[in-house]
Amino acid sequence: MKVDNVKSQMRKGMLEYCIMLLLHKEPSYASDIIQKLKEAQLIVVEGTLYPLLTRLKNDDLLSYEWVESTQGPPRKYYKLTEQGEVFLGELEISWKELNDTVNHIANK
């Protein structure tokens with residue numbers, strides 16, 4: 001087993017949670033989401049992000065609206081739905097429990 005494979009799987013598992021955290025703060029368009037993830041050292045390409053955004057939207061966790069831009073064509077801004085906010089709350093609880101478990105095991 002290679003460390004890179006494990007790290008990749010860990011990132012995939014966290015990606016949905018990280019995107020929802022970003023959208024909880026403010027509505028964003030795809031390029032902005034990618035930039036914020038890069039700033040956090042979580043490298044994501046559009047080919048990964050768009051299917052995830054579509055899936056979250058199809059699950060009614062996200063919605064979007066088109067916003068005119070002065071820098072080019074209109075941009076699709078994603079935001080959490082009410083159902084998405086509830087789901088994010090559940091993810092936060094799961095993340096805390098997982099984090100506590102790993103820290104407990106690591107510090108034993």
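Guide: Helices (H or I, at least four residues) and strands (E, at least two) are DSSP runs, numbered from the N terminus. This is a predicted model, in which local features need pLDDT of at least 70, side-chain atom pairs count only at pLDDT 80 or more, and totals for chains, interfaces and linings use all residues. Residues are numbered from 1 along each chain as its sequence is written, and side-chain values use heavy atoms, with hydrogens and water left out.

Visitor: How many helices and strands does the chain have?

Guide: The chain has 4 helices and 3 strands. Along the sequence they follow the pattern α-β-α-α-β-β-α.

Visitor: What order do the strands take in the sheet?

Guide: The order is S1-S3-S2, in an open sheet of 3 strands with antiparallel pairing. S1 and S2 are the edge strands, each pairing on one side only. Two strands pair if DSSP finds at least two bridges between them.

Visitor: And how many bridges join S2 to S3?

Guide: Strand S2 (residues 62–69) and strand S3 (residues 72–80) are joined by 7 bridges and run antiparallel. They form a hairpin with 2 residues between them. Within this pairing, Ser 63 has Lys 79 of S3 as its bridge partner.

Visitor: What about S1 and S3, how many bridges there?

Guide: There are 2 bridges between S1 and S3, again antiparallel. Tyr 29 stands opposite Tyr 77 in S3.

Visitor: Changing topic: where does H1 bend?

Guide: H1 bends by about 35° at Met 14. The bend is the angle between axes fitted to the seven residues ending there and the seven starting there. Helix H1 covers residues 3–25 and reaches 32 Å from its first C-alpha to its last, close to the 33 Å expected at 1.5 Å a residue. That expected span is 1.5 Å times one less than the number of residues.

Visitor: Which residues of H1 are buried?

Guide: Among them are Leu 15, Glu 16, Tyr 17 and Cys 18. Buried means under 20% relative accessible area, exposed over 50%, and partly exposed in between (1.4 Å probe, protein chains only). The buried residues of H1 pack against elements including helix H3 (46–58) and helix H4 (82–106).

Visitor: Why does Glu 16 count as buried?

Guide: Glu 16 counts as buried because its relative accessibility is 17%.

Visitor: What is Glu 16 in contact with, leaving aside neighbours within four places in sequence?

Guide: With those neighbours set aside, Glu 16 is in contact with Leu 52, Arg 55, Leu 56 and Phe 87. Contact means heavy atoms within 4.5 Å.
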